[in-house]
Amino acid sequence: MIGWLLDAASWLLLAFGSLFCLVGSLGVLRFPDFYTRCHAAGITDTFGAVLILAGLALQGGFSQGVTLKLALVCGFLLLSSPVASHALVKAAHAHGVLVPQPVPDRVSEYPKSETAGDHRSQER
Amino acid sequence: MFLMALLAIGASMLLLLTRAALGPTVFDRLVAVNNFGTNTVLLIAVSGFYTGRPDWLDLALVYTLVNFTGTIAVCRWSRFGHLSFARPAGTAGGAAQDGRR
Amino acid sequence: MWVELLLLVLVVLVAVVIARLGDLFAAAMLTGIFSLLCAGLYTIMDAVDVAFTEAAVGAGITTVLFLGALGMTSTAERQQRFRWRPLLVVVLTGGALMWGTSDMPAFGDPAAPIHHHVEPEYLEGAASDIHVANVVTAVLASYRGYDTLGEVTVVFTAAVGVMLLLGRAAGGAARHWRRGADRSLGVSEGAAEPGELRDAPMLMREKPVLRVSVRLLIPFILLFALYVQAHGDFGPGGGFQAGVIFAAGLILFGLIFDPQAVARVFPPAVAETLIAVGVLLYGGTGVATLLLGGKFLDYDEFGLASGQHYGILAVELGVGIAVAATMVRLYFAFSALHPEDVVEPQ
Amino acid sequence: MSAPAMGGHWVTWMIVLVLLIGLYTLIAHDNLIKKIMGLNIFQSAVVLLYVSMGTVTGGTPPVLLEPTAGVTEPVLYSNPVPHVLMLTAIVVGVAITALALAIVVRIQGAYGTIEEDEIGAIEMRHDEAQSRA
């Protein structure tokens, strides 16, 4: 019974983790400018990774150091990916990658051309 | 189930690769590359369970660390244009060009 | 099977993108992706040790080396026009390879001849003679110890070559290196001119987030490298991987702080010495077995019970030291750090 | 249809495709650093080929399992020999990449360019000037 519950929970976590990974990547591909893409990338780094690793931990049982290593991977990911994003955004900002202004309320109001490099040429 | 997770991760890799190929700025590519690394970590972790021997998580650990190193290296490079040592603010530049010696 | 297929398609796509990108900086970043994908494939194909090495080498060290070289040359590739003669050569090669490989045993066929020549001996011997669980380590350090000695020597030679080309002997060449003024980051004309930053160029070591988190990470990376070094007998790991991971930790330190900061804890001269020490430790183990009256690199001379363990330990340590020192020295060379640039902190 | 039904060689042929892309980059591009990237792709394809030959369907990585009680059937391991060869080849490959990049850096110092045809033109002019003198 308990084994069955653990299995179901881990499948659920894995499914949601995979879903979040897909959503995050879709955001990185489809969002209109650099900073929103960073935001989407954060979904994979946090929700996607943690849910998938948690699902695996339930599968691995609590033996043989598998769970410990999964926790280590999770910890390193949670430490390193925000720091990497931080460095990345700082570097981009220093190089003049700007947020398009003004930011529309609704997606439908976004300009049709949707790359970060383009917004400045539209201003001209 | 593991297979489904693997395929989902693979599909997200494909999406990220498209972004990395399209750009337009280097930083857009770098977001995609960094996220690609996270996805690879997850792929390795899941594939260990998929093949039935989940003792290779050391690998996923290495990926996390190395991916971080790579991202930091690219950030530093985009800052200074080289990997050499930087002068304090105001005297930006590297070691190589000013003929110290 | 489907996972392999998906990853292989991705590998092909990344290769095409790398080949077509005119911006070498972006292409260098994508080589990182390429190697991560390859490492994923190696894991799926059961080659965990290979994946381990590729992960440590490919995404970290290779990217750093390419970036270092790009900083000293230029990042823009001139527009490449299409050429039909190379394409013809490639198509002919491809045809020959496809024709040739169609006679090969199918992928994953357990009856393939490759699995019936020396492999069964190795698998049995690793358990009964060498008492090492990781057969790859057993073959690498014991059965084919000669090969590995050769490989370590090749790494040593390459390090010497790079030192001669970019080191002290290169003399004044360093002064003419470009400083990456033509950085093409793809940011369309905005606030920043190429090579000029919008805000004051704040150094990475002045950013608290980076400084603190990296200080937190680096001890773990170095410790992890030692774990990988020691764990090679029981699972994926060993000298090659551990050396690269150790070097990656130091390189991360150098990226956030300066190459000089690494040079203060690990001076170039020490790195140069350690490369030789590592190779000598490997060769010396072989000489020791000779002096004990056995054959070259026959570890049974160290005692029948656990002689193989001692031998593999010594040899792997030599590999680890040589590889780590080589990688750090290469990093110094490609960040234009010369031994005389090292200054003591005031 | 399962993937192996495609003749069993599809993995090899995909790897050959990667190898060919690397080869084309290596011989068709003028930029020396791009050439080295092509060389890297080529090398990875070779490693992939070797590793794919060592794979056994239903096999497990060649790290011996503890014998479990009650199981008498031998465990099927993948072939460790290609792994050993390729493990060292990767480290040697990065050393070769470093050496090649160092040579490219010196070429940049000597000629001011890393495009092969421009270097050729400079050499040609140099030779002509020497033969005139």
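A salt bridge here is a side-chain nitrogen of Lys or Arg within 4 Å of a carboxyl oxygen of Asp or Glu. Keep that rule in mind. One more caution before we start: this is a predicted model.

Let's take the contact between chain D and chain C. By that rule, the interface of these two chains has 1 salt bridge. Which side chains make it? D:Asp30 and C:Arg83, with N to O at 2.8 Å. Over all chains, the count of salt bridges comes to 7. Now place the C:Arg83 and D:Asp30 pair on the fold. C:Arg83 sits in the loop between H3 and helix H4 (84–101) of chain C, and D:Asp30 sits in the loop between H1 and H2 of chain D, so the pair joins two chains.

How much area is buried between chain D and chain C? About 8,000 Å². Carbon and sulfur atoms give 77% of that area. What about polar contacts? Between chain D and chain C, 16 residue pairs are counted, with both residues at pLDDT 80 or more.

Next, the cavities. How many are there of 30 Å³ or more? The search of the whole structure finds 12. I'll walk through two.

Start with the largest cavity. Its volume is about 200 Å³. The lining is made of 18 residues. Find C:Ser35, C:Glu54, C:Thr62, D:Asn40 and D:Ser44 on your screens; of the lining, these lie nearest the centre. Which elements give two or more residues to this lining? From chain C, helix H2 (24–44) and helix H3 (48–72); from chain D, helix H2 (32–54) and helix H3 (80–111). H2(D) gives the most to the largest cavity's lining, with 5 residues. By class, that lining has 10 polar, 7 nonpolar and 1 charged residues.

Now the second largest cavity. Here the volume is about 100 Å³. Its lining takes 13 residues. Nearest the centre are B:Val33, B:Asn67, B:Gly70, C:Gly32 and C:Ala59. The elements giving two or more residues are helix H2 (26–50) and helix H3 (57–80) of chain B, together with H2 and H3 of chain C. H3(B) supplies the largest share of this lining, 5 residues. The classes here are 8 nonpolar, 5 polar and no charged.

To recap. Chain D and chain C bury about 8,000 Å² between them, with 1 salt bridge across the interface.

How values were computed: Residues numbered from 1 in each chain as written. Chains lettered and ligands numbered in written order. Predicted model: local features only at pLDDT ≥ 70, side-chain atom pairs only at ≥ 80, totals over all residues. Heavy atoms only, no water. 1 Å grid on protein atoms, 1.4 Å probe; cavity = no way out; pocket = protein on both sides within 12 Å on 5 of 7 lines; lining within 4 Å. Points joined across faces, edges and corners; volume = space filled by probe spheres on them. Helix = DSSP H or I, 4+ residues; strand = E, 2+ residues; numbered from the N terminus. Nonpolar A, V, L, I, M, F, W, Y, C, P; charged D, E, K, R; others polar. Buried area = accessible area lost by both parts, 1.4 Å probe. Polar contact = N/O pair within 3.5 Å; in protein donor to acceptor, adjacent residues only side chain to side chain.
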